[in-house]
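User: Could you take me through this model by question and answer, with the cut-offs stated as they come up?

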Amino acid sequence: MKRLIIFLLIFLLIGCTKEQPIKEEKPLEEVKEEVKLTIEDYKENNVDELGLVPIMMYHGIHDKKNSDTPYTGGNVDKDGYQRTSEAFRNDLEFYYNNGYRMIRLTDYVDGKITTELGKSPIILTFDDGLLNNIKVTGLDDKGDIIIDPNSAVGILEEYKKKYPDFNVTATFFVNAGLFNQPEYNEKILKWLVSNGYDIGNHTISHVNFSNATIEKSEEEVGKLYSILDGIIPGKYVNIVALPFGSPYNLNHYNMPHIFTSTYNGKTYETKAALRVGWESEDSPFTDGFNPKFLKRIRAYDNEGVEFDIKMNFDILSTRKYVSDGNPNTIVIPQSRESLLNKSTEKEIIIY
Ligand SMILES: [Zn+2]
């Protein structure tokens, strides 16, 4: 009953402020769409499409309990690059319960954010193509891969079912060993791209770009793209996760060659590069957004200090990107207007 009264009030309010003849001809769905787009709704949901976006950096997920490791919060190694399956499940619960919904890294780079009204985008990435990212235990009757439910993808599939509106996805950055399961590698890549996941470039040998020659750097990037081209042509993302975060400097002599060059007679283009970062990134609609050098959050627990998950999400609680649910508009509070990249073709709504 209360809801009905609120709906009627909003309906009357719109009726008073919009031109009547146009509205009367519209079907009910479109009227509902208009109700969503009131200033009151933006305020109520704290919509801010110039807010920060977390790009989480994971490596290995180990089938262990947190109590099986000597480190804090499910870290398997001292620095938390390796995590337990229990910790990963806890992370996913935390993201979901705090209003985060996954988006593809490639969509973020392209400014296509379809996150529903009032929710915030989050991006998951995994580096190194570790076996425990998607551990295959065999093939079923149809020849399809059977995935260990406690490997990273096994857990992500569990959350796809548990929270259908979580929009589960992730981007996996691989080296020449792919997922280090020679008999299943090709099936794994094909399975991932047909099930809503993405594959990116982490170079052939996990090269350190700081001291590699230009020729070596081009081979490291170009050859990995050509391996992916051979297995999933046109279905991988042209994004490089910089090994070790190297060369650490956007002006380094190797940077232009990571983005475009020719290897073995074939030209490649890289549209974004990821660092080994420590904090959230800017909205793709801000003036300062630079997809060529994106920061990531190391997904680890360090009791709320040194830019671990807790510290970063405390910062995000007041500065995160909150969507209006419409990918064609950029909705921002007045106080944030100066951050906007004005060259956008999207409709801008400032409230
Ligand atoms: Zn790596």
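Analyst: Residues are numbered from 1 along each chain as its sequence is written, and side-chain values use heavy atoms, with hydrogens and water left out.

User: Over which residues does pLDDT stay under 50?

Analyst: pLDDT is the predictor's confidence in each residue, from 0 to 100, and its mean for the protein is 92, with 90% of residues reaching 70 or more. Where pLDDT is low, the predicted coordinates should not be read in detail. The stretch under 50 is residues 8-26.

User: Which protein atoms are the donors of the zinc ion, and what spacing do the donors follow along the chain?

Analyst: Donors are N, O and S atoms within 2.8 Å of the metal (3.2 Å for Na, K and Ca), and water is not among the atoms, so sites may look incomplete. The protein donors, lying 2.0 to 2.1 Å from the zinc ion, are Asp128 (OD), His202 (NE2) and His206 (NE2). Their spacing along the chain is D-x73-H-x3-H.

User: Which residues have the most contacts inside the largest nonpolar core?

Analyst: A nonpolar core is a set of buried Ala, Val, Leu, Ile, Met, Phe, Trp, Tyr and Cys residues joined through side-chain atoms within 4.5 Å, where buried means under 20% relative accessible area, exposed over 50% and partly exposed in between (1.4 Å probe, protein chains only). The largest such core has 63 residues. Those with the most contacts inside it are Tyr95, Leu124, Leu156 and Ile199.

User: Are the rings of phenylalanine 126 and phenylalanine 172 stacked or edge-to-face?

Analyst: Rings of Phe, Tyr and Trp (its six-membered ring) pair if their centres lie within 6.5 Å, and planes under 30 degrees apart count as stacked, over 60 as edge-to-face and the rest as tilted; by this rule there are 20 aromatic pairs. The centres of phenylalanine 126 and phenylalanine 172 are 5.0 Å apart and their planes lie at 15°, so this pair is stacked.

User: Arginine 275 lies over the face of which residue?

Analyst: A charge sits over a ring if NZ of Lys or CZ of Arg is within 6 Å of the ring centre and within 35 degrees of the ring normal. At 3.9 Å from the ring centre, arginine 275 lies over the face of phenylalanine 293.

Note on methods: Predicted model: local features only at pLDDT ≥ 70, side-chain atom pairs only at ≥ 80, totals over all residues. Contact = heavy atoms within 4.5 Å.
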